[in-house]
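Let's walk through this two-chain model piece by piece. Take a look at the fold, then read on.

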Amino acid sequence: MSRRDLTLLGILGLVLAVVPFVYHQPYHLHILILILIWSFAYTSWSMMGRFGLVSLGHGGFMGVGAYTTALLWNHLGISPWLGIPLALVAAAGLALIVAYPCFRFRITGHYFALVTLALSGIVLQIITATRDWTGGSLGYTPERTKGSGLVALQFTSKETWYLIALGIWVLGIVIWYVVDRSMSRYAMEAISEDEDAAAAAGINVTAQKLRITVISAVMTAFAGAIYCQYQMFISPDTVSGIGVSLQMVFAVVVGGLYVAFGPTIGAIVTILLAETLRIGFGTKAVGYDNLVYGILLVLFILFLPKGILGSLMERWQARRRAGRAQLARAPADATS
Amino acid sequence: MPDFLDIYLLEAIINGILLGGVLALLALGLNLIFGVIDVTWICYAELIMMGMYGMYYLSGVYGLPYWAAAPLCIGLVGVLGLLLHLLVIAPLLDTPPINQLLATGGVLFFLQSFATVVFGIEFRNLGIRLPVLALGEMNFSYARLLAFIAAAAGMGAIWLFMTRTYTGTAIRAISQDRQIMPLMGVDTRRLYLVTSAIGGALAGLAACLLVLTYDVHPFIGLTFGPITFLICVLGGLGNFIGGFVAAFVFAQIISLGGLYSDLEWGYVLAFAFFILMMFIRPQGLLARRS
């Protein structure tokens with residue numbers, strides 16, 4: 001990231017941070033918070049997805065993050081300040097258990113997608129099967145705290161949540177850039193091109209893939225935990241299972257898989273779309289949003305596989321390159 | 001009879017075998033598509049859901065007899081498979097396989113919501129309740145038995161088609177070497193279409209059988225989808241015999257797990273077994289030598 005980009009990002013962050021102090025409309029703030037939290041979740045998916053590791057199991061990691069935090073709070077009274085780290089450890093463990101054999105035995109592409117799909121299926125089934133503790137498919141609510149809201153990480157004011165969500169979103173973008181600038185990125189790109197060649201060049205393929213998978217899984221679980229603390233209601237359909245996994249993939253593909261702000265654009269587009277459809281069609285018409293989602297996903301993959309932001313940036317860069325080429329040619333023309 | 005072989009255990013084992021037949025049929029269609037076109041239809045179970053709705057409307061609402069509605073329904077889902085290939089898969093054949101996978105994910109979303117919007121979220125059934133077959137002290141539902149027999153017949157027909165006809169032989173050849181077949185003068189485009197139609201028809205057949213035992217609702221696909229994928233992966237994607245064996249292994253685990261606890265725990269056990277097997281035999285139960 002160049003100095004100019006950094007300044008731009010700083011200004012953007014400041015502008016966004018000021019929003020809740022001048023604007024108080026709760027519904028709009030609620031939408032902004034949702035966009036920020038989901039942007040973080042989508043960014044964490046894209047950490048793996050951009051290297052060709054298409055996981056359909058991230059719904060599972062999100063469910064682990066949300067349910068572990070809520071269950072520890074309700075049943076053992078463990079504050080989310082401790083519960084969330086525990087949930088992240090659980091997600092990391094789950095990621096290792098599933099990903100290690102996959103990577104060790106070279107399970108890639110279709111196979112990997114299907115194995116991870118199974119993972120989100122398992123988490124969904126376990127949540128449903130343990131309905132005595134988790135409430136099953138009816139959903140689950142963390143108990144309202146009687147003591148300090150800070151200890152229980154429960155806040156009623158939308159402004160507080162907005163700032164928390166903004167901080168988390170910035171964290172996601174920063175992690176994206178850190179990985180983007182690291183050697184891991186080059187290693188992962190080499191691996192996604194050709195595993196054998198990468199291994200021959202001295203890259204520890206399994207370790208590299210595991211590292212990125214664990215980062216991605218932990219971030220997703222964190223998104224789940226925060227979503228749970230904010231919404232104070234989770235159900236298997238909203239935080240785990242195949243639907244959520246596909247929703248992540250869809251948003252990232254729409255926004256742009258290979259650019260830092262792609263997942264954010266994806267979150268903005270999909271959440272605004274869902275809200276508009278919900279308000280436009282009313283509550284009686286459940287399913288219309290996913291109908292449009294589905295068609296759009298197919299159309300995007302057919303015609304705009306790089307996503308909205310990805311395609312825009314590509315066009316912009318091509319133009320800049322053309323401009324630079326012209327500049328370079330101009331003196332040559334003058335001398336001839 | 002030895003002590004451990006009590007009557008409930010025997011009943012669960014036989015029910016597992018019956019379930020295995022249906023699961024094997026589910027896996028067969030998906031395996032066929034994967035083996036020949038090298039594409040995973042994530043929305044496969046949603047095609048089955050559409051087929052179940054087809055049966056519900058043809059037989060339950062318009063009053064066609066079951067034996068007349070079933071072939072119609074199989075044909076309809078076959079056409080759906082054809083359309084899926086023409087509209088979504090064919091334009092994406094030259095792109096990375098992940099794109100194809102995601103596009104069919106989009107179709108999954110689409111079909112689910114389409115069913116929600118058009119058919120509503122109510123649980124529906126045919127209203128046919130087949131009697132229960134009592135064998136000594138064991139009870140088996142006729143629906144399951146019928147499903148098992150039809151699944152076996154369907155698989156037999158596919159086997160005959162694949163081994164005894166020219167088209168079937170060409171399909172098997174393609175699944176062995178995708179690059180060389182076009183050079184041998186085989187029209188891959190046509191074969192892909194035929195395969196997609198057969199894959200769809202198999203989903204239709206599964207739908208006709210499942211509608212006898214399950215109520216249909218827009219999210220029924222989520223009940224069968226994951227387990228079907230697991231079976232295909234466990235058997236080795238594209239490996240028909242492996243898929244067949246895996247289906248019966250899975251069905252036993254679900255059935256026996258369900259005997260000792262809830263049905264969901266049967267599924268959880270099956271999933272756990274699956275992950276264990278990924279460590280032991282990552283390329284599938286009967287790995288093809290490469």
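## Two loop residues with positive phi

Asp38(B) sits in the loop that links α1 (7-37) to α2 (44-61) of chain B. The model is a predicted one, and in it Asp38(B) takes a positive phi of about 65°, even though it is not a glycine.

Chain A has a case of its own. Met232(A) is not a glycine either, yet its phi is positive at about 60°. You'll find Met232(A) in the loop between α11 and α12 (236-239) of chain A. With 14 C-beta neighbours inside 10 Å, Met232(A) is partly exposed.

## Chain A overall

Chain A is built with 16 helices and zero strands. Its radius of gyration is 21 Å, close to the 20 Å that the globule rule gives for 336 residues, so chain A is as compact as a globular protein of that length. Along the principal axes, the C-alpha trace of chain A spans about 80 × 55 × 40 Å. Buried residues account for 47% of the 336 residues in chain A. Take the contacts in chain A between residues at least 6 apart in sequence: 77% of them join residues at least 24 apart.

How confident is the predictor about chain A? The average pLDDT is 85, and 95% of the residues score at least 70. Confidence in chain A is lowest in helix α16 (residues 307-335), with a mean of 74, and highest in helix α11 (residues 205-231), at 93.

Val19(A) belongs to helix α1 (residues 3-22) of chain A. With 16 other C-beta atoms within 10 Å, Val19(A) is partly exposed.

Ser192(A) is part of helix α9 (residues 183-193) of chain A. Leaving out residues up to four places away in sequence, Ser192(A) touches Phe51(A) and Gly52(A). Ser192(A) has 15 C-beta neighbours inside 10 Å and counts as partly exposed.

## Chain B overall

Chain B has eleven helices and two strands. Reading from the N terminus, the elements of chain B go α-α-α-α-β-β-α-α-α-α-α-α-α. The radius of gyration of chain B is 19 Å, close to the 19 Å that the globule rule gives for 290 residues, so chain B is as compact as a globular protein of that length.

The C-alpha trace of chain B spans about 60 × 50 × 35 Å along its principal axes. Buried residues make up 51% of the 290 residues in chain B. For contacts in chain B between residues at least 6 apart in sequence, 77% join residues at least 24 apart.

## Where the chains meet

How many residues of chain A are in contact with chain B? The count is 38 residues of chain A, in contact with 39 residues of chain B. On the chain A side, α4 (80-104), α5 (109-129), α13 (242-255) and α15 (288-303) each supply at least two residues. The biggest giver is α5(A), with 14 residues. By class, this side of chain A has 29 nonpolar, nine polar and no charged residues.

The 21 residues of α5(A) reach 30 Å from first C-alpha to last, close to the 30 Å expected at 1.5 Å a residue. Of those 21 residues, 19 are buried, so α5(A) is largely enclosed by the rest of the structure.

As for α15(A), its 16 residues reach 22 Å from first C-alpha to last, close to the 22 Å expected at 1.5 Å a residue. The buried residues in α15(A) include Asp289(A), Asn290(A), Tyr293(A), Gly294(A) and Phe300(A). What covers the buried residues of α15(A)? The cover includes α13 and α14 (262-281) of chain A, together with α3 (66-92) and α4 (97-119) of chain B.

Methods. Residues are numbered from 1 along each chain as its sequence is written. Chains are lettered from A and ligands numbered from 1 in the order in which they are written. This is a predicted model: local features need pLDDT of at least 70, side-chain atom pairs count only at pLDDT 80 or more; totals for chains, interfaces and linings use all residues. Helices (H or I, at least four residues) and strands (E, at least two) are DSSP runs, numbered from the N terminus. The radius of gyration is taken over C-alpha atoms; the globule rule is 2.2 Å times the number of residues to the power 0.38. A residue is buried if 20 or more other C-beta atoms lie within 10 Å of its own, exposed if 12 or fewer, and partly exposed in between; C-beta atoms are placed from the backbone. Two residues are in contact if their C-beta atoms, placed from the backbone, lie within 7 Å. Ala, Val, Leu, Ile, Met, Phe, Trp, Tyr, Cys and Pro count as nonpolar, Asp, Glu, Lys and Arg as charged, and the others, Gly among them, as polar. pLDDT is the predictor's confidence in each residue, from 0 to 100. The expected span of a helix is 1.5 Å times one less than its number of residues.
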